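Me: Can you walk me through the side-chain contacts in this one? I'll ask as I go.

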Amino acid sequence: GLSSDQLQRVTDYVEAHLDEDLSLATLSRVAAVSAAHLKTLFKRSTGLPVHEYVIQRRVERARTLLLRGELPTGQVALEAGFSHQSHMARWMRRVLGVTPGDILRSRA
């Protein structure tokens, strides 16, 4: 797997740049390994493919922002790194089993 330093650099980078394009090429540069190597080593280190890890972090960020209730849903989607609100909703249903609307209603 990745060294603890490499894994920390990649996960810190993901957290800091969730609202940006997180390509495999970019993340492999952060880890200082090839993209193919990163895919293998990241999964070995975390148990998750890189893309799935990024999606889970984005979904969790979106959930947190929705629960705060400070931003409209469309803005939450962009802040969490989704291209649009329906993209966020689709991934929230897949990962959490709930929609953004369900989360908003749970706050009330």
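Me: Leaving aside neighbours within four places in sequence, what is T11 in contact with?

Reply: T11 is in contact with F42 and Y53, where contact means heavy atoms within 4.5 Å. This is a predicted model: local features need pLDDT of at least 70, side-chain atom pairs count only at pLDDT 80 or more, and totals for chains, interfaces and linings use all residues. Residues are numbered from 1 along each chain as its sequence is written, and side-chain values use heavy atoms, with hydrogens and water left out.

Me: Where is T11, and is T11 buried or exposed?

Reply: T11 sits in helix α1; helices (H or I, at least four residues) are DSSP runs, numbered from the N terminus. T11 counts as buried at 15% relative accessibility. Buried means under 20% relative accessible area, exposed over 50%, and partly exposed in between (1.4 Å probe, protein chains only).

Me: How many aromatic pairs does the structure hold?

Reply: One aromatic pair. F42 and Y53 form that pair, edge-to-face, at 5.3 Å centre to centre with 65° between the planes. The rule: rings of Phe, Tyr and Trp (its six-membered ring) pair if their centres lie within 6.5 Å, and planes under 30 degrees apart count as stacked, over 60 as edge-to-face and the rest as tilted.

Me: Which helices do F42 and Y53 lie in?

Reply: F42 lies in helix α3 (residues 35–46) and Y53 in helix α4, so the pair ties together parts that are eleven residues apart in sequence. F42 is buried, with a relative accessible area of 1%. Y53 is buried too, at 15%.

Me: Switching to charges. How many salt bridges are there in the whole structure?

Reply: Five, from a search of the whole structure. A salt bridge here is a side-chain nitrogen of Lys or Arg within 4 Å of a carboxyl oxygen of Asp or Glu.

Me: Which residues are linked in a network of salt bridges?

Reply: E15, R57 and R61. The E15 and R57 side chains meet at 2.4 Å, N to O. E15 lies in helix α1 (residues 4–16) and R57 in helix α4 (residues 50–68), so the pair ties together parts that are 42 residues apart in sequence. E15 also forms a salt bridge with R61, with the closest N and O atoms 3.8 Å apart. R61 is in helix α4 as well, so this pair ties together parts 46 residues apart in sequence.

Me: What are the relative accessibilities of E15, R57 and R61?

Reply: E15 is partly exposed at 28%, R57 partly exposed at 25%, and R61 partly exposed at 27%.

Me: What about R63, which residue does R63 form a salt bridge with?

Reply: R63 pairs with E60, the closest N and O atoms being 2.8 Å apart. R63 and E60 are three residues apart in helix α4, separated by about one helical turn. R63 is partly exposed at 29%, and E60 is partly exposed at 24%.

Me: What lies over the face of W91?

Reply: R94, at 4.7 Å from the ring centre. The criterion is NZ of Lys or CZ of Arg within 6 Å of the ring centre and within 35 degrees of the ring normal.

Me: Last one. Where is T73 found, and what is T73 in contact with?

Reply: T73 is found in helix α5 (residues 73–79) and is buried, with a relative accessible area of 17%. Leaving aside neighbours within four places in sequence, T73 is in contact with L66, Q85, M88, P100 and L104.

Technical notes: Helices (H or I, at least four residues) and strands (E, at least two) are DSSP runs, numbered from the N terminus.
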